[in-house]
Amino acid sequence: MTTLVELTEVSKRYDGVSGRAALDGVNLAIDSGEFTAIMGPSGSGKSTLLNLVAGVDRPTGGRVNVAGEELSRLNEARLARFRRARVGFVFQFFNLLANLTVLENVLLPAQLQGTRPAQARTRAAELLAQLGIADLAGTYPARLSGGQQQRVAIARALINQPLLLLADEPTGALDTHGGEQVMELIEGLHRDGQTVVLVTHDAKLAARHAGRVVTLIDGHVNDDTRLDGATPTPHNLVKVRIPEEQR
Amino acid sequence: MRAIFTKAWSEVRRRRRQSAVIVVMVALAGGTITLGLNLLLESSHPYDRAFEAQKGAHLKVFYDASKVTPGELASTAATIGAASFAGPWPDVYATVLHREASQANPRYQLDLVGRAGPDEPVEILRLTAGRWVQAPGEVVVNHSFAEQNGVHLGDHLISLHTTGKPVLTVVGEAVDIGQTSAGASITTTQRAWVLPAHVAELAGEHGLGYQMAYRFPLAPSQSQLRDTTERLRDSLPTGAVSGSLSHLAMRDAYNATNQFLLVLLLAFGVIALAASLATIVNLVLGTVLASYREIGVIKALGFTPLEVVATLVAGIAIPALAGCAVGIPAGAALSLPLVNQAARGLDLPSPAAVSPFAAAVALASILLSVMLAAALPALRAGRMSAVAAITAGSAPRSARALRAPRQLRHPRLPRPVSLGTDDAFARPLRSALTVLAILVGVATIVVASALREALPRSLETTSRLNGDVSVSRGNTVSDNRVMAILTGQPQTQQVVAVGRGTVVVPGLDYPIDSIAFRGDPRDIGWSATLVRGRWLGQGPGEVLLTRRVLDQAHLDVGSTFDAVIAGRPLRLHVVGETGSLSFGALLAWSTLTTAQPQVQPDRYLVQLRPGSNADGFAAAVQAQEPDFLTITVSRAGLDDSANAINTLMSFLSVILGLIAAVGVFSTMLLHVRERSRDIAILKAVGMTPRQLLAMVMTCGAVLGVVGGLAGMLAGTHIYRGLVTQLAHGIGVSPPPFAFDVLHPSTLYPLGLTGLAIALAGALLPARRAARSRVAEVLRSE
C-alpha cells in the first residue's frame, strides 16, 4: 500500500510563536485505501489536522505531504487547484451555498476544475443517484433535511473523484438515524476503494466504521490503533508503536 | 446608559474598517450636502437678495438738466410717494479711450455719474477694489466693466469728447445692483462715477443730465411704475424726463442671462443632496443588517428592545458624528470659493461667508438619515427574540434571494463570473442604491463634459455674430464716411450695417427691441441663430421673431400681424424663428426704412478676408477717425459665468464620482463580509484567489455597467433638459449645435466611467476576499 498522506513533525500555533499549540510535532502516515478516524476531546487539534491535510490551513512547522505534493510549497492558487482535484471535504454543518440548487452545489468543484459541462452533469447525476437524492437536484438547500444536505455535501466532495475524502464530524449536526445513514454511505465509499479520513468525537462510531483510530490529546498523537477482525472491539486493537517522545 | 454607550463604542472599535467607511462616506456626503445647500441658497432669488441688501432703486429716472433744476427734482420723491430717494446725481455720456488696454482701439461709452460717496439712502454701491473718488480726475468704474475689458486700478480713461481730453484715473471698482453685466444688455452703457462737481467740466458742450433713484414702501408692479413715471412727467416741465429704468426690467434681464447658472446650481445642488443621502442610507442599512447576530447576543444578556435600538443607533451615530465634524466644515470651506465664483458669474457681490444655516441643515439631515436608517432595521431586530436574531444573523442566506436573469447565467460564462453576476442581484435594494450612486456620478460627468464642449462653442458662435470687427459710430461721423473707411480697407471682405429700433407687437405690453441688417449677415454667423423657417428676404415686410415673442403674441412661423415701428403701422410676415439673445425681432433694412426712411445704421459688422490681422485692421480704421469710432475686435473666450459653470461641474463630477466609488466600496465590503462563509466554502472546494477576485469584481462590474448605462442616458436627458430650460427661460429655442456635443464617440466612453468607478470601488474588497483564510472563517462558525 502506498502512503497517501504523511505529516512530519507538524506543528500549528495560533497567535504567534508563543501562542497556543493546536498541534505539536505530529507525525502521521495514512495509506491509500485506509479509513482513518481522528479522535480526541474538544481542542485536541482534530479539525486543525484535517485542515492542514486539506490545504485550507498552513502548518507553523513541519511538512504535510499529500499524494506526493508537499503542501507548504504551494501558493494559494496551487493549493486551491490541488484541493479541487485531489481532496473532497465534508463539513459538520454541510456548508452548502444557499443560493445554488443541489445540482449547482454538486457541480461547483467540477466547474472550477474546467470539466466539460456534459461530463460534469453526467458524473453529478450518477452521484446523486448513488446517494439517493437524484429527485432533489433542483431544490435549494434550505428545503432539505440535515441528512439530505450532508449527502449533497458528500456528492460535491466526490464530483472530481478525489484521492482523499476528508470528513469533519459529518454526523455532528444530524440525528442518530441521519448520522447512521451518512456513515453507512461513507463506509460504502471506503469499501469501493476511497481513502477516508474522518474526524469524530464519537468512539463507537469510530470503532464501528474505521479501520484505524488516531487519538489526539492537546495537539499530540496519544494513540494510534489499527482495528482488526470482524467485530472491532478494543480487545482486537493492534497497537502501532508510538515514539517515546510523543506519548 | 453606560452599558449602551460601552457596547456601542466597542462595536465602533471592533468594526474599525466599517466605522472608517462610515466616517469617510459621511464626511464626503456632509461636505457635498453643505456645498449643495450653499449653492441652493445662492441660486434662490439671488438678484432679489442682493437688490434688498444694496437698497436697489425700484425706479431710476433720467432727466434733462436743461429743463429741470435740482431743487425741482428734490421734491419729486414726495410727488410720487417714494419712501426714500437718492440724487439728483449729475451725469453725462462720454466716449473714453482706455490707455493701458492690451488690445487696440479700446474705446467705450460710459455714463459718468457724479456721486459724493458709495453709500446713499438708495442704490448703495459696494466697493470691490480700491476706494471712492476724492478729487477731480479720478473715476470709479463698474466691476463688470472692469472685468470684461481688463481695466485695472491705476489705469487711465481719456474722455475723448471733452475739450482738452481730460484723463481719468481709475481708483476703485464697485458693484452696482442697478446695472449688472446683464443690465448692460438693456442700458448698453456702463456707469462710472466721478465727483459731482467734475461732471459739468466733463460734459463740456454735451448734454448734462440728472439721475434720481427712488424706493417705494412696497415693490411696485409694472403698471404702477408706468403710472408713477406718467405722474412725474406731468409734474415737471415738458421734456424734463428723458428716460426711466425699472428694477423689474433689470431683474428679468438678470435672471434671463443667468438662468443657466441658476438652474444648474439648483439642479446639481439637489442631485448632490439626494446622491449623498441615498449612499449613507445604503451603507447604514447594510451595517445594521450585518449586526443581527450581535443583537441576538446582547438581547440574551438582558438588553431591552429599546436599549438594543439605542445601542445600534449609537454605534452608527458615533462615526457619523465624526464624519460630520470633518466633512461639514470642509464643505463650508470649499463652498466659499465656489459660491464666490458663482456670485462673480452671476455678477453679484461675493458673500462674506457661507450660510451657517446650510451647515446646520446638513448636520441635521445627515444625523436624521443615519439614525432613521439605523433605527428602522434595529427596531425589527429589537422586537425579535434573542434566538431569532442570532439565527437571522448566522443562518445562510435564504434561497429566495434574487438571481441574475438567465441570459446572464449562460453556461459558457466562467463560473466565478456567473456567481458574481448572481451576487449583484441578490440584494436588490442595496444594489439599487449603489446603482443610483453610480448613475448620479456618471450623469454629472456626462453633463459636465457636454457643457465643457458646448459652452466655448456657444460663446464662439455668439462672438461671431459681431463679425471679426465691429465698429460703432456716434452722430459726428456719417454713415457714408464710415462705409467708405471700412470698404476702403483691403482686408475687408464684407460689411453688414446694423440699425436698431423697437417694434410694437399686438398682445405684448411693451415694444420689443429689434435689429435690422443692411447686407446679408448670414455669412458672419447669423445663420446659426435661425431655429426654424427661413432667413429674411430682401423685400420689406418680413421678420424673424424669438420664441418668447411668438409665444406671448400667440404667433408662429407663417403668421402675419400688424406691427408699429416708430409710430408707423406696418404689416409684417413671420418667416422664421430666431435664437437671438439680445433682440426680439430681426428685420431686413428695407422693412426698417419703410417705417423710418431717415434711419441710419449706428453699428457695422465687418468680416475680414481669411488670414487678415484683426488688430491691424482696427488700428488702420481708428487712425482714420481716431475719436469718433469705437472699434471692437471680436475675441471668443470664457466669461465669468462660463468659468463658474465649468468649475462647478468639474468639482461636482469629482465629488459625486468619489461618492459613487466609496458607495461601491462600502457595498462590496459589506457583501464580502456577509459572504465570508460562502467565500471560505468556495475556497475550500477549490476556487483560486484569482477566481475569487474575478467573482467579486464581476459583482461590482455588473453594478457599474448598469449604473453607467443609466447614468449616460440620465446625463443626456439632464443636459437636454438644462439646455432647453435655459433657452426657454430666455425666450428662445435651443440652437441645434447645442445638442451636437452628445454624439456616440463622446457618450460611450463617458458611460464606461460607471464601470471604472465600480471596479475602483470593488478592488480592495475583492482582494480582501481573495486573501481570506478558509480555516479561520470556518473555525469561527
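This is a predicted model: local features need pLDDT of at least 70, side-chain atom pairs count only at pLDDT 80 or more; totals for chains, interfaces and linings use all residues.
Reader: At what angle do α5(A) and α6(A) pack?

Author: Two packed helices are described by the angle between their axes and by the distance between those axes. Here α5 (residues 146–158) and α6 (residues 176–191), both of chain A, pack at an angle of about 20° with their axes 10 Å apart. Axes are lines fitted to C-alpha atoms, for helices over the stretch in contact, and angles run from 0 to 180 degrees between N-to-C directions. Helices (H or I, at least four residues) and strands (E, at least two) are DSSP runs numbered from the N terminus.

Reader: Which residues of α5(A) and α6(A) meet?

Author: Contact means heavy atoms within 4.5 Å. From α5(A), Gly147(A), Gln150(A), Arg151(A), Ile154(A) and Leu158(A) meet Gln181(A), Val182(A), Leu185(A), Ile186(A) and Leu189(A) of α6(A). The residues of this contact comprise six nonpolar, three polar and one charged, where Ala, Val, Leu, Ile, Met, Phe, Trp, Tyr, Cys and Pro count as nonpolar, Asp, Glu, Lys and Arg as charged, and the others, Gly among them, as polar.

Reader: How do the axes of α3(A) and α5(A) cross, and at roughly what angle?

Author: The axes of α3 (residues 102–113) of chain A and α5(A) come within 7 Å and cross at roughly 30°. α3(A) is therefore roughly parallel to α5(A), and the crossing is right-handed. Val102(A), Asn105(A), Val106(A) and Pro109(A) of α3(A) meet Val152(A), Ala155(A) and Arg156(A) of α5(A); five of these residues are nonpolar, one is polar and one charged.

Reader: What angle do α3(A) and α16(B) make?

Author: α3(A) and α16 (residues 415–426) of chain B pack at about 135°, with axes 10 Å apart. They are therefore oblique to each other. Glu104(A), Leu108(A), Gln111(A) and Leu112(A) of α3(A) make this contact with Arg415(B), Pro416(B) and Leu419(B) of α16(B). Four nonpolar, one polar and two charged residues take part.

Reader: Is Leu592(B) buried or exposed?

Author: Buried means under 20% relative accessible area, exposed over 50%, and partly exposed in between (1.4 Å probe, protein chains only). Leu592(B), in helix α20 (residues 589–595) of chain B, counts as buried at 1% relative accessibility. Residues up to four places away in sequence aside, Leu592(B) touches Gly499(B), Ala516(B), Ile565(B), Leu587(B) and Val599(B). In chain A, Asn51(A) belongs to helix α1 (residues 46–54) and is buried at 12% relative accessibility. With the same exclusion of residues up to four places away, Asn51(A) touches Val56(A), Asp57(A), Phe89(A) and Ala775(B).

Reader: Which residues have a positive phi without being glycine?

Author: Most residues other than glycine have a negative phi, and most peptide bonds are trans. His554(B) has a positive phi near 55°; this residue lies in the loop between α19 (547–552) and β16 (560–565) of chain B and is exposed at 73% relative accessibility. Ala566(B) has a positive phi of about 50°, in the loop between β16 and β17 (568–578) of chain B. The peptide bond from Gly87(B) to Pro88(B) is cis, with omega near 5°, and Pro88(B) is in strand β2 (residues 84–98) of chain B.

Reader: What do the totals of helices and strands come to in chain A?

Author: Chain A has seven helices and eleven strands, and buried residues make up 54% of its 247 residues. Chain B has 26 helices and 20 strands, with 56% of its 781 residues buried.

Methods:
Residues are numbered from 1 along each chain as its sequence is written. Chains are lettered from A and ligands numbered from 1 in the order in which they are written. Side-chain values use heavy atoms; hydrogens and water are left out. Angles under 35 degrees count as roughly parallel, over 145 as roughly antiparallel, 65 to 115 as roughly perpendicular and the rest as oblique. A crossing is left-handed if the near helix is turned anticlockwise from the far one by less than a right angle, and right-handed if clockwise.
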